[in-house]
Each structure stands twice: as structure tokens, then as C-alpha cells.
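Here are a few notes from my pass through the model. Have it open as you read.

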Amino acid sequence: MTAIYGLYDRPEAAQRACTGLKHAGIPSQDIAVISGEPFEAFEFMHRDHSMILFRLALIGGILGFLGAVGMVVGTEKAWPLVTGGMPIVAWYPNLVIIFEMTMLGAIVTTVISLLVTAKLPRFGKTLYDPAVADGKILVGVPAGGKADAIRETFTSSGASAVKTIEL
Amino acid sequence: MSAYSEQLTEDLLRPLLKTSWRFWTLAILLIGVVSLGIGAFAYQVWNGIGVWGLNWPVFWAFDITNFVFWIGISHAGTLISAILRLVNAEWRRPVTRCAEVITVFALIIGAMFPIVHLGRPWLFFWLTPYPSEREIWPNFRSPLVWDFFAISTYLTGSSLFLYLPTIPDFALVRDKTTGLRHRIYAILALGWTGTTKQWHRLESAMQIMAIAIVPVAVSVHTIVSYDFSMAPIPMWHSTIFGPYFVAGAIFSGIAALIIAMAGLRKFLHLEQYLHPVHFENLGKLLLMMSLLWGYFVFGERITTWYGNDVSEMTAFWQTQRLTYAPLFWTMVTVNFIVPVLILSFKKLRTITGCVVASFGVVVGMWLERFLIIVPTLSHKPLAYSWGHYMPRIPEILLLIATFGAMVMFYVLFSKVVPIISIWEMKIGQHPQLAHEHRTADESATMWRTEP
């Protein structure tokens, strides 16, 4: 696949490019914006909002909770050892383990969810330019049949460079 | 890139890309100090735990003091960083990573001590819940097993909390380096490019982690306090121990953070990013925690004194008037009187003032952990079980090595990872940039959506 991208010095110009591309009929989901820092004040930064990580963290917490309950109760019943006059399944001390495992479940699930949804790790060829590390903002789209219109949009919106890349 | 961003990137990557002879000298010195501790540990393993000053009735002393102290220091980072992130305190930006690093290394050092203390450390895995051929799993009613779960959860959470916001900075270093260094940072960056989706997911993950890590941090030191308060032993069996330990942990953690930040500021020349206001804000937090610590100590002491139970009063007077009184009053002076005197006055709440107070607090909090453990164990309810404790050289070397290890880990870390989050610092400049440079026309393009 061929992609065209423009490099911008300022987020305002990148925003103009995104708006211009949309006017040129490029679907929003085809426009990639890559930057060295998140520009929360700009519309282009607000396209991929999702609450999925929060939901998955909750599920992870519930799984951690259930796993902990299974582990402590199962163990205590498998080897009914009386300790300090406490019942075999002693809920007060078990709550300590259950709490820690619940939080661990939520934390680990959050990190796994981040990696999966953000498509990390990713070491193959992808849309990127090392100039991003120098503060440039990359706006890129698949070339398709509108290559000339895209280049024109990038140039007119103030791109400091327009490049083509084979992915 | 703005001039500020360029300068920021250059300043914060300088320690990674340039190495002076001073770094190597310091690294060798610190490795030497840590080697002393490793040697002392090897000597103890070879000869048995009898080489320590432990003897009946005092079987917990320096090692468990180190354990509680370093777990306490670990509260500097993740907890403070998470709270500052949750309340969106703008001044947090240069502070968070400096703090999070302390947590991870202090936890590693602290968590080693129950293993060091085992006598047969190679059997430490008996603490973990693995199904053995005899089907005997750890006893979940033991506070020592709670420690295992709490510390491993906190260490896992804190390490991930430190690593996640470092990924964009690893990507930056990847693009600024070549050769082997480039390849290593490319792996650490996990192929991060900085798409809008990646930024959103990262920020969501950091929010969730910040919410989750605060109760975990509180639970960890509460559970460490349960190692003592679950036992019906004078001065230990107290309901106040959980919050008292947590407050003490945050107190010592802030002090460690101030010292670390002052060191980084001076030796890495980060004066432009770690401003006096950061120290002043942390100094105010330290003052608040000093007052809170004083309140807890007073509450604990007056309750014991008023109850006038014979066995409790025996241990109590050991710290007030007898053998351990010099240590106790030193602790009160450096944990309460000195910090309150220095930090209450704006004129004294300078970088130097905060660092002086912090050094006192670090010493005082180590003494506090020691005074919780040893006077009580050496004066249990019946007089036949009274005794004394004197540390021996291997224990003292191990203690010194822990401080050496902390500094060594910190120095090595700041050599390979930007110690201040570069991308978060850049965000901190956004509102100002927007105000200064955005024209009316440019502002109009913001938030414009498809017609």
C-alpha cells in the first residue's frame, strides 16, 4: 500500500490539513495523525476516544477477584488447617489476598488492553517519519485515487514536506 | 519544534548520550558500597544467621527495620505521582518520574529483606502459592503471606506505572540514537509511533493505573503494619498501626524524593526544570506529614501511657527514659521539631532548607522503624524474656549497602532513561504556546468538525 504524508511544524497547520482532507472526501478513519506529544486542544486528537480500557480493567478486576476467592477457599478446603482458632475459611484474612488479586487483575488487564488496542509491540514497517522526534506532526493517508488532491491539500495547509511511503 | 522543546529534549537527553568521568567514578564507588553488602550477605549465608546480633528474645532487628523502612520509602513515588496525576497538579510534570523510580527501587531493596532474613534464603519460594506435591499451600491467614501478595502487586503495578509513560520517551531516544543503542531503545519503545489512538490509550491506561495504585499503595504499608499489630505483643497490638505506618511511609517517601530531586538538579544541571517552587510545594507536603506523624506518635503514646498496662509500660519507658531514650528523642527532634521549625517559615523553605529537613526525616524514620521493633521485642511481658540487642558488622554493612544500592540504581537509571518525562513536560507548555502564537484564524480551525 502507498501512503502520502505531510510533515507540519505546528498543530494548527496539521488541523488545517485534516479539515482539508475531510473536505476532499477522505474518510476520517483513513487520516492518521502522528505526533511526539498529544495535542489535546485540537480536534484531530479527539477521534479515537474510547472507554474500552476502563471496561476491560473492570473485567480484569472481577476475574482477579474470582481467581483469588477460588484460590484461598479452594486451598483452605483442600487442606483444612486450623490456625489461631480461626475458621477454616476465614474471611477477614482472605479479604487481604482477595483485594490484592483484584487490583492486580485490573492493573495487568489494563496494560494488556493498552498493548492490544494500541497495536503494540509493532516492529514492522509502518507509517512514521523520524522527523516526528524533532517535533514535526505527521498527517498521512493512503494514496488511493486522489493522490494529487491529497498532495495539494498538504501543500496548501502549510506542510514543510510532503512524502510518499510504501507500506 | 519550538526553542523550548528543542532545549528540553537536548537537556534531558544529555545524560543519556554523554558520559563523563565523574559518572564512572561515582558508579564504581557505589558498586563498591553495594559489593560490601553482597559480601556481608554471602558471609551470613555461609556461616548462618548467628553472625548477626540477633539473639533470644530479639529475633527481628536491623533486617526487618530495613524492610519496613524501604517499603515506606517506596511510597514516595507511585502514590505521590498517582495523586498528583489524579488531581491534575500542573507542577507534577518534572516530579512524577523522579518519584516513580524511587518506588520501584526501594521496593526491590525492601522486598529483599524478608528473604535475606530467612536464614535459608534459597527456600523463599515457599511463600509463593504454588501447588506442591503435598498439597500444602501457604497459610493465607499469615500476615507474612499477605506481605508477599501486597508487595508483589505493588511492585508489578509500580513498575508498569513507571514503564508506560516512558514508552514515548523511549521512542524519542530511539529516533535520536544509532547502532546498538538505537536497537535497544527500539525494543523498549515497542514500536511506538505516537498515533492519536496510542496517545488516547496511554492516557486512559495511566488514569486507570493511577486510580488503582493509590489503594494498593495504602494497602501495602497497612499490611506491613499488620506484621506487627496482628501479634498480641505490647506496643504492637494497636488499631492505629495501619494509618500510622502509611503516614510514616508517605512522610519518609517525600523526604527521599526531595533529596533525589535536589541531587538530580545539581548533578544533571536540571535547574531549568526542577524549580524552587517544586521543592517548596514538596516542603509544604513534608511539613503536613511531619505534623500528621507527630499527631500519630502523640496518639499512640498517650493511649499507652493512660492505659498504664504493666507490660506495655515496660516497653514504653524503654523508649522514653531508659536504654532507647536517646534514639527516641533524636527521632522526635529530626522527624518533628527540625522539619516544623524549618518548613513553617517561607524564608527557610528553600531548596537547602527542604533538603536538610529531608535528611533528618530519612534518619528519623529509620530510627522509628527500629524503635517500633527492638524495644518491644527486648521487653516482652515477662521479665525472664528480657534482653538486649546490639548490631554486628554484617548487619551494619547491609544497612549501608541498601543506601548505596538505592543511589546506584538511581544513578544508573538516570543514565539510560530520561529522568524527567519529556513528552509530559512538552504538554505543560501547550496552553502558553497556544496563547502566545495562535492567531484568530488558526483558533477558528480548532474544533472544526466535518460540515
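1. In this predicted model, strand 1 of chain A runs antiparallel to strand 3 (residues 137-142) of chain A, with 6 bridges joining the two.

2. Is strand 1 of chain A mostly covered or mostly open? Mostly covered: of the 7 residues in strand 1 (residues 2-8) of chain A, 5 are buried.

3. Over to chain B for the largest nonpolar core, which has 144 residues. The members that touch the most others are B:Ile102, B:Ile254, B:Leu257 and B:Leu286. Helix 10 (residues 241-267) of chain B is the top contributor, giving 16 residues to this core.

4. B:Leu286 is worth a click. Beyond its neighbours within four places in sequence, its contacts include B:Ile254, B:Ala255, B:Ile258, B:Pro339 and B:Val361. There is also a second, separate core of 25 residues, with A:Ile4, A:Phe42, A:Leu138 and A:Phe154 among them.

5. Helix 10 of chain B packs against helix 9 (residues 196-229) of chain B at about 125°, and their axes are 8 Å apart. So helix 9 of chain B counts as oblique to helix 10 of chain B, and their crossing is right-handed. Residues making the contact include B:Val218, B:His221 and B:Phe228 from helix 9 of chain B, and B:Phe241, B:Gly242 and B:Phe245 from helix 10 of chain B.

How values were computed. Residues numbered from 1 in each chain as written. Chains lettered and ligands numbered in written order. Predicted model: local features only at pLDDT ≥ 70, side-chain atom pairs only at ≥ 80, totals over all residues. Core = buried A, V, L, I, M, F, W, Y, C linked by C-beta atoms within 7 Å. Buried ≥ 20, exposed ≤ 12 C-beta atoms within 10 Å, placed from the backbone. Helix = DSSP H or I, 4+ residues; strand = E, 2+ residues; numbered from the N terminus. Contact = placed C-beta atoms within 7 Å. Pairing = 2+ DSSP bridges. Axes fitted to C-alpha atoms, helices over the stretch in contact; angles between N-to-C directions. Parallel < 35°, antiparallel > 145°, perpendicular 65-115°, else oblique. Left-handed = near helix turned anticlockwise from the far one by under 90°.
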